[in-house]
Amino acid sequence: MHFKTGDSILIETLGKQLQKAHDQIYNTTLFIEVKVTPEIINEFDFDIHVAVKERWYIIPIPSFQLADRSFNEWLVKYNGSLKRVNYGVRLYYYNISGRNDQLTLALINGFNRNISFEYKAPYTNSALSEGVIFGAGFLQTRQIPYKTDYNNNLIYYKNDDFVKNEWYVTAAYSSRKAIKKKEIFSVSFRHIKVDDSLLTHQYNPAYFNNTSSSQNFLEVGYRVQFTDVDNILYPLKGYATSLFLLKRGLELKGGINRFIIRTTFNKYFSHRHNWYSSARFTGQVEVPFNQPYINQRAVGYLEDYLRGDEYFAIDGVAFGLGKFDIKKRLLHFNIPTFLKSKTYNKLPFTIYGKTFFDAGYVYSQNNFNTRLNNRFLYSGGFGIDIITLYDYKLSIECSFNQLGQKGLFLHN
């Protein structure tokens, strides 16, 4: 919390200060419920009571993942084929030592393979301001995109066996000298091996910008972020901003070397009568512009997409993306679980109705030009967000894009 025993608080700001303390405790992600209440001792003194309900800390979760970029791509383009599924188990062990440290293990088989672990210790000193992260993994892939066609569809290289093998080791140091500010310095080493045929003129000799099908390289990164939101997992009020720098490879030109500058700014507004709005901006540029295909991912990957353009991969070396939402809380209710547990005796649900508008632009050089590169992009639509235990979110969205296309999309 931002105050301690002996501090003075103006009575007219007490409610605001207690709510801020509640948000800071909840954002540790250690608890599913937090209550912060005052108890008056006399006209000048009071105690603050904090009551929490802890989350489960050891969670083995069966893993059922799609090999494709989105649920809709898997369902529509590949008819929901179970051959394109990754299955296995992920083990999450939270708060191992009581300092919010986390261990994650993954054992995934199926269309792709993934054997990996990561250990995060956010507090390694007595001041609780420094931390470390260690991780390693081995991945195998049965198909990889080697080209993006004019219509922004990924073209895949595949055969009867795994066509890409990758392993990595990574380490990071984090510094949090203030509640809102956090810095992370990271270094990793990666090895990537693809089929030799992928680099031939029949497919894409510019995949690595190098004639070797085996690549070894270092990645050095730095991230600084400022966060002041009510809920880091599903924020409704506050702001979050970050700056990320990454150098891949030690060379200054040629090969797969690149330097990325990425910045984000998210602002969340709480209005009267359970109305909320948000504006989220992302910008990224990488140099030099003469990048191999493997480094050309821009919009259409991970969280960088326009709602309504989920089927498209828009490659490039620079992009800007804005997302705007207006939402209203429609329902909040609990469903009994009939478990003999004071913590998990009910399953909470909150439903928000929303409308949204997205806009973006992706710059690419002529040799990677498609119909959606180097032009203004926009989409919009409406939908609902369903929030439940552990702030898990399911979004159901009806979207329309600049090409006049529409569709129903699911996101979590």
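Predicted model: local features only at pLDDT ≥ 70, side-chain atom pairs only at ≥ 80, totals over all residues.

Is Ile 335 buried, exposed or partly exposed? Its relative accessible area is 39%, and because that value lies between the 20% limit for buried and the 50% limit for exposed, Ile 335 counts as partly exposed. You will find Ile 335 in strand S16.

Now show the neighbours. Leaving out residues up to four places away in sequence, Ile 335 touches Lys 346, Leu 347 and Phe 349.

Strand S16 (318-336) is among the elements that give two or more residues to the lining of the second largest pocket, together with helix H1 (14-26), strand S1 (31-40) and strand S17 (346-363). S17 gives the most, with 5 residues. The volume of this pocket is about 920 Å³. To find its centre, select Tyr 26, Asn 231, His 332, Thr 350 and Asp 391, the closest to it of the 30 lining residues.

For the last stop, go to the loop between strand S10 (164-175) and strand S11 (181-194), where Ile 179 is found. Ile 179 is partly exposed, at 38% relative accessibility. Beyond its neighbours within four places in sequence, Ile 179 is in contact with Met 1, His 2 and Gln 24. Finally, select Arg 142: from C-alpha to C-alpha, Arg 142 and Ile 179 are 43 Å apart.

Conventions
Residues numbered from 1 in each chain as written. Heavy atoms only, no water. 1 Å grid on protein atoms, 1.4 Å probe; cavity = no way out; pocket = protein on both sides within 12 Å on 5 of 7 lines; lining within 4 Å. Points joined across faces, edges and corners; volume = space filled by probe spheres on them. Helix = DSSP H or I, 4+ residues; strand = E, 2+ residues; numbered from the N terminus. Buried < 20%, exposed > 50% of the residue type's maximum accessible area, 1.4 Å probe, protein only. Contact = heavy atoms within 4.5 Å.
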